[in-house]
Amino acid sequence: MSILFTEKQVAGLTVKNRFVHSGTGESMATDQGAVTDRLIKRYKTLAKGEVGLIVTGYMSVHPLGRATLRQTGIHSDAFLPGLEKLAQGIHDNNGRVLFQLVHAGRQTTSAVIGEKPAGPSATDRDPTYLVKPRMLTHQEIVEIIDAYKKAAIRAMAAGADGIHISAAGGYLINQFLSPFYNQRDDEWGGTTLNRFRLLREIVIAVKEILPSGAPLVVKINTDDQTPRPGIILDEAMEHAKWLVDLGIDGIEVASGNLLYNHMTMWHGEVPTKEIVQGFPTWKKPFAWVASKRMEGQLALQGPWNLPAAQALRPVVGDTPLFLVGGLREVGQMESILEQGHADFIQMCRPFIREPFLVKKIKAGKVTQVACTSCNRCLGAIVNQMPIACYRNGLPATAPSEILRRA
Ligand SMILES: Cc1cc2nc3c(=O)[nH]c(=O)nc-3n(C[C@H](O)[C@H](O)[C@H](O)COP(=O)(O)O)c2cc1C
Ligand code: SF4
């Protein structure tokens with residue numbers, strides 16, 4: 001039997017095969033963040049498709065930490081009934097699920113959160129959202145740690161099998177870890193250890209409430225690729241070691257940044273037309289120029305985070321490694337696992353195009369995924385359209401009321 005279809009434990013959770021659905025913002029919640037039937041249907045389908053473990057799209061832990069409208073919220077008890085139905089729908093179809101918790105920090109807009117976004121420091125205006133953030137106070141940081149804990153309590157109450165924390169993707173934890181975004185000189189910045197403090201406190205707070213055996217997996221950034229130095233692999237290796245010391249149950253290996261060159265996070269074709277379509281009129285020229293500059297730079301040439309996973313392996317020992325980014329060939333997936341470079345094959349875009357991909361691979365029907373990394377699905381989030389494979393282009397729907405007002 002192929003190693004891809006062998007079981008593997010993540011803490012007390014038995015995962016039936018080595019395929020993991022990577023966090024994928026669905027843009028399927030209500031404008032306030034409540035789960036919809038459409039969202040539940042998406043995850044039921046993935047569970048039916050025999051994905052071993054599903055990591056949901058990012059769920060906002062705090063009202064000021066929302067990244068986009070139509071992002072699922074977990075920052076209020078009011079969301080619990082929908083979140084319960086979501087977990088139930090996955091379990092009914094023999095799937096397993098980790099809820100992904102995120103605070104966007106500065107990586108959002110005032111149109112989404114109703115006020116100026118805040119991050120670790122009041123640094124440069126970014127070229128994507130054109131936001132110059134304000135600096136979070138100590139008290140606000142403490143409140144955010146508590147928000148993660150409360151969100152984790154809600155996730156477990158809703159029936160999630162465990163928690164996934166994104167410390168990557170340029171969101172708040174990533175911002176604190178990175179010397180590019182974090183220029184503080186208090187206890188939350190200045191040294192690698194101080195920059196790690198937010199993540200450490202969140203992990204401790206979440207672990208406090210997790211039932212025994214329920215896994216906590218953290219997605220880390222191994223290379224920010226920001227215009228000035230951010231997180232680099234050496235620093236990420238320290239983060240990974242500290243996370244293992246804190247007793248986390250898995251590490252997802254990622255890289256890249258959204259605000260300064262979003263293509264570093266996914267590689268492939270630059271979907272300029274689809275992304276610009278969703279911007280308010282006054283931002284369109286900036287978005288067009290910024291997007292055009294990225295074209296041709298980052299073609300998808302295989303699993304780009306593999307060298308980082310190889311470097312992390314000796315650091316994390318037996319802690320499961322989840323490799324994401326550019327995994328497209330079944331033979332290569334097998335050999336990565338056989339060589340011990342990673343324990344799980346994690347994919348995002350391939351499952352948007354083929355939710356039944358795992359079943360097809362099991363039946364020997366495919367050796368290569370069908371997704372062509374055209375990245376038009378990314379335009380869905382910017383346009384607040386439900387995630388789907390839009391390889392033939394996005395529908396020419398007008399952006400929502402709120403984006404027009406931005
Ligand atoms: C449309 C889209 C939405 C995404 N949303 C999330 C998300 O909510 N959380 C997350 O951790 N990563 C998110 N990502 C990043 C993916 O999880 C993954 O790291 C990246 O796409 C590379 O994997 P792939 O080559 O298999 O697509 C998203 C990527 C895409 C294309
Ligand atoms: S639109 Fe479809 S083919 Fe293009 S990247 Fe997204 S899932 Fe893949």
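Predicted model: local features only at pLDDT ≥ 70, side-chain atom pairs only at ≥ 80, totals over all residues.

**Entry 1, strand β6.** Strand β6 spans residues 97–102, and because six of its six residues are buried, I noted that the strand is largely enclosed by the rest of the structure.

**Entry 2, partners of β6.** Next I looked up which strands pair with β6. Strand β4, residues 53–60, runs parallel to β6 and is joined to it by five bridges, and I saw that Ser60 stands opposite Val102 of β6. Strand β9, residues 162–167, also runs parallel to β6, here with four bridges, and Leu101 is placed opposite Ile165 of β9.

I then asked which residues have the most contacts inside the largest nonpolar core. That core has 108 residues, and the ones with the most contacts inside it are Leu101, Tyr148, Ile163, Ile251, Val253, Phe322 and Leu323. Helix α4, residues 138–158, gives the largest share of this core, namely nine residues. I also wrote down a second, separate core of six residues, which includes Met263, Met265, Trp266 and Leu298.

Setting aside its neighbours within four places in sequence, I listed the residues in contact with Leu323, among them Val253, Pro303, Leu306, Ile336 and Ile345.

I counted 24 residues around ligand 1, of which the closest are Ser22, Gly23, Tyr58, Cys348 and Arg349. The elements giving two or more residues to this shell are β4, α12 (349–353) and α14 (378–382). Sorted by class, the shell around ligand 1 holds 12 nonpolar, 10 polar and two charged residues.

Last, I stepped back to the chain as a whole, whose secondary structure comes to 15 helices and 13 strands. Its C-alpha atoms fill a box of roughly 55 × 45 × 40 Å along the principal axes, and its radius of gyration of 19 Å agrees with a compact globule, because a globule of 406 residues would have a value near 22 Å. Buried residues make up 53% of the chain, and of the contacts with a separation of 6 or more, 71% are between residues 24 or more positions apart.

Technical notes
Residues numbered from 1 in each chain as written. Chains lettered and ligands numbered in written order. Rg over C-alpha atoms; globule rule 2.2 N^0.38 Å. Buried ≥ 20, exposed ≤ 12 C-beta atoms within 10 Å, placed from the backbone. Contact = placed C-beta atoms within 7 Å. Pairing = 2+ DSSP bridges. Core = buried A, V, L, I, M, F, W, Y, C linked by C-beta atoms within 7 Å. Near = placed C-beta within 6 Å. Nonpolar A, V, L, I, M, F, W, Y, C, P; charged D, E, K, R; others polar.
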